[in-house]
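Hi,

Here is the structure I said I would pass on.

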Amino acid sequence: MPPTDRVHIRGNSSTTRDHPNWCRRFGRQPAENDAVDDLPTALAHAARCLPAEDLVVVCDSILNKRLLTPTDVDDILRHAPRPVRAALDRVDGRAESGTETMVRLRLAAPNLQIRPQVQIPDVGRVDLLIGRSLIVEVDGEEYHSSSAAFENDRMRDLRAQALGYRVVRLSYRQVMYCWPDVRALINELVHRNEHRRRLTAPAA
């Protein structure tokens, strides 16, 4: 999730209702049965509080971790209004990090194919593949926990480029704090047809 200092509070007491960060779900407000809500209850309330992008990030994570099924999510949010339902149409469930989902959503454009978690022979699975040849890898804030992981990624990038792919590697901070510049630079690569390069071997 993006950095935030806001605390969301869910409850039915008059004290809670007067709090500026009080959260309600769409539809009938459920009773509080425990100190910590279960996942369906938390998701139902998050859907009303979160911006559309953040909601897609949350749902992508839930599905990727197999905490709920797509049918479960649809059922939990069946009373949500049209904007929330439209956000759910953008949920994919294959992304392995929230920043991955953010990049996918922010780069979306008509006639531009963006596929998450694509398997490429001799390279492995990449975070995002734009068109047929532009790879975008999104590293988390603390992604490289060892020098071996760092070296492995550089070798993967080299293999990909030898096959004809163009590789772009983004950091957490670039996605979160420098996105306008990042978006403009990736748009320039697309404008130059880096996503349509001739490949030695296509992605699976």
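This is a predicted model: local features need pLDDT of at least 70, side-chain atom pairs count only at pLDDT 80 or more; totals for chains, interfaces and linings use all residues.

Below is what turned up when I went through it, starting with the overall picture and ending with the rings.

**Overall**

The protein has 204 residues, and 42% of them count as buried. Its secondary structure comes to nine helices and six strands.

**Helix H6**

Helix H6 covers residues 98–107. It is largely enclosed by the rest of the structure, because nine of its ten residues are buried. The buried set is Thr99, Glu100, Thr101, Met102, Val103, Arg104, Leu105, Arg106 and Leu107. So charged side chains are on that list too, Glu100, Arg104 and Arg106 being buried under the cut-off of 20% relative accessible area.

Val84 sits in helix H5, which runs over residues 82–88. Is Val84 buried or exposed? It counts as buried because its relative accessible area is 9%, where the cut-off is under 20%. Leaving aside residues up to four places away in sequence, Val84 touches Phe26, Ala47, Leu55 and Leu77. Leu55 is 29 residues from Val84 along the chain, with 8.4 Å between their C-alpha atoms.

**The cavity**

How many cavities of 30 Å³ or more are there in the whole structure? The search finds one, and the space in the largest cavity is about 30 Å³. Its lining is made up of Arg25, Phe26, Ala44, Ile76, Leu77, His79 and Ala80. By type, that lining splits into five nonpolar residues, one polar and one charged.

**Rings and charges**

I also looked for aromatic pairs, and a search of the whole structure gives zero. There are arginines over rings, though. Arg154 lies over the face of Phe150, 4.0 Å from the ring centre. Arg106 lies over the face of Trp179, at 5.5 Å from the ring centre; Arg106 is also one of the buried residues of H6.

That's the lot from me.

Cheers

How values were computed. Residues are numbered from 1 along each chain as its sequence is written. Side-chain values use heavy atoms; hydrogens and water are left out. Rings of Phe, Tyr and Trp (its six-membered ring) pair if their centres lie within 6.5 Å; planes under 30 degrees apart count as stacked, over 60 as edge-to-face and the rest as tilted. A charge sits over a ring if NZ of Lys or CZ of Arg is within 6 Å of the ring centre and within 35 degrees of the ring normal. On a 1 Å grid over the protein atoms alone, a cavity is a set of points where a 1.4 Å probe fits but cannot get out, and a pocket is an open set with protein on both sides within 12 Å along at least five of seven lines; lining residues have an atom within 4 Å of a point. Grid points are joined across faces, edges and corners, and a volume is the space filled by probe spheres set on the points. Helices (H or I, at least four residues) and strands (E, at least two) are DSSP runs, numbered from the N terminus. Buried means under 20% relative accessible area, exposed over 50%, partly exposed in between (1.4 Å probe, protein chains only). Contact means heavy atoms within 4.5 Å.
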